Amino acid sequence: NNSYFYPSAGISFVFSELAAFQNIPAISFAKLRASVGQIARDLEPYNIYGFYEAAAPYGGNATLNTPNTQLNPNLKPNLQTSYEVGLEMRFLNNRLGFDAAYYKNVNPDQILAIQVPQSSGVASSFINAGEIETTGWEFVVDGSPFKSNDIEWNIVVNFARNRSKVVELSAGLDNYVLGNATTFRKSIQLQARIREGWGQIVGTRYLRDEATGLPLLDEDGIWITEDNKPIMNALPDFTGGIQNLFRYGNLTLGVNIDFQKGGAFYSVTRMFTAYSGLSAETVGNNDMGNPMREPVASGGGLRPIGIMPDGKENTTIYLDPQVYYGSLFDLHERWVYDASFIKLREIALGYTFNPRIFGNTGIKGLNVSLIARNIALLSSNVEGIDPSELEVYWHEGGQLPATRSFGINARFTF
């Protein structure tokens, strides 16, 4: 029996219809809602029962291969159960309103492809394992601060937060690899770790002094590191946006701003440009006021910040910039950045023509808009990288800069 059942149900209560609210003119509408439902997830075809696939001929003879993943005919579907409650209210003849929602998703029986020793004949195996809980909230406020026949201003502000927790995994498994990034010598991964949350960036980090929190250095002033350690969580604290629409007569102006607080990402661009001496941080003066690219014997070089083996902070050892940045290559913690940003996402200037100018042509309306997208990064903690345009939400591997686009939109009504 390969069928499965995933029901859903919802209920809402418009309490502004109660007699007690009829005498409150400031409240235009008020509704409570709640829902529960299930969503089923399974596998793509050919991932349950064994099969053979055609391979390259050998000596003129046809060959067949078995999959590199051990298939599992006993897999169960992953049934996600979702709960949501919300409150929607509008005030002052719908001039102001908000919509708030809280949700929780429970994901048992995750279908995971875990790595197994290749001596077994396969590289991975499908299993049902673990449970992940996701909670979050969404909040939207909209209003019309100014509204008349000829002039109007509408604004929408939204916030959202999402957190996922790994409740359990398979027996003997305390983390699951969600993704890998190219690092050339050492691996950096995105993992789901029990007790440390979903979306943990794991890689090489500084070994730090417990008393001061500063990195530890060896006798040559090179950082001491430790591998396969959590660095930061990739999930943002919250995300949001602001949408403004201004109207003056038939002329409209739309301005959209996106923002994000927190989160993290790993940057290969920043690592490589520093390692190769192409970034701005590899030129200029050191903390003694001398050009860092001058020989160390002439007062150049850079001073590694950290604690020496004698327990004191380094004040005397300077490294040639090539050695300094070379020792930071693949030291992932150095190249993981806060992903916060504020961005001017889009501006649209439009004009709606009076339909009378079209006479009997059959055209009842025309709106023409000039649109600019990806306009400006207003705030970011990383120079030269746009956190809102990453190739993958938790890392970038040397990607090209994002492009700004301009367009014209004509919308006819017949």
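I count a polar contact as a pair of N or O atoms within 3.5 Å; within protein, one must be able to donate a hydrogen and the other to accept it, and residues adjacent in sequence count only if both atoms are side-chain atoms. The model is predicted: local features need pLDDT of at least 70, side-chain atom pairs count only at pLDDT 80 or more, and totals for chains, interfaces and linings use all residues. Residues are numbered from 1 along each chain as its sequence is written, and side-chain values use heavy atoms, with hydrogens and water left out.

**Helix α3**

I took helices (H or I, at least four residues) and strands (E, at least two) as DSSP runs, numbered from the N terminus. I looked at the start of α3: a side-chain oxygen of Asp 320 comes to within 2.9 Å of the backbone nitrogen of Gln 322. Within α3 (321-328), I found Pro 321, Tyr 324, Tyr 325 and Leu 328 buried (under 20% relative accessible area, 1.4 Å probe, protein chains only). They lie on the same side of α3, because their arc around the axis is only 80 degrees (taken from the directions from the helix axis to the C-beta atoms). Their cover includes β12 (197-206) and α2 (268-275). Just after α3, I noted a positive phi of about 70 degrees at Asp 330.

**Strands**

I checked pairing next (at least two DSSP bridges between two strands). β15 (251-262) and β18 (341-353) are antiparallel over ten bridges. Gln 260 has Phe 341 as its bridge partner in β18. β18 also runs antiparallel to β19 (365-380), with twelve bridges. There, Glu 346 partners Arg 373 of β19.

I then traced an open antiparallel sheet of four strands, in the order β10-β11-β12-β13. β10 (175-181) and β13 (225-233) are its edges; each has a single partner strand, so one side of each lacks a neighbour in the sheet.

Note on methods: Buried < 20%, exposed > 50% of the residue type's maximum accessible area, 1.4 Å probe, protein only. Contact = heavy atoms within 4.5 Å.
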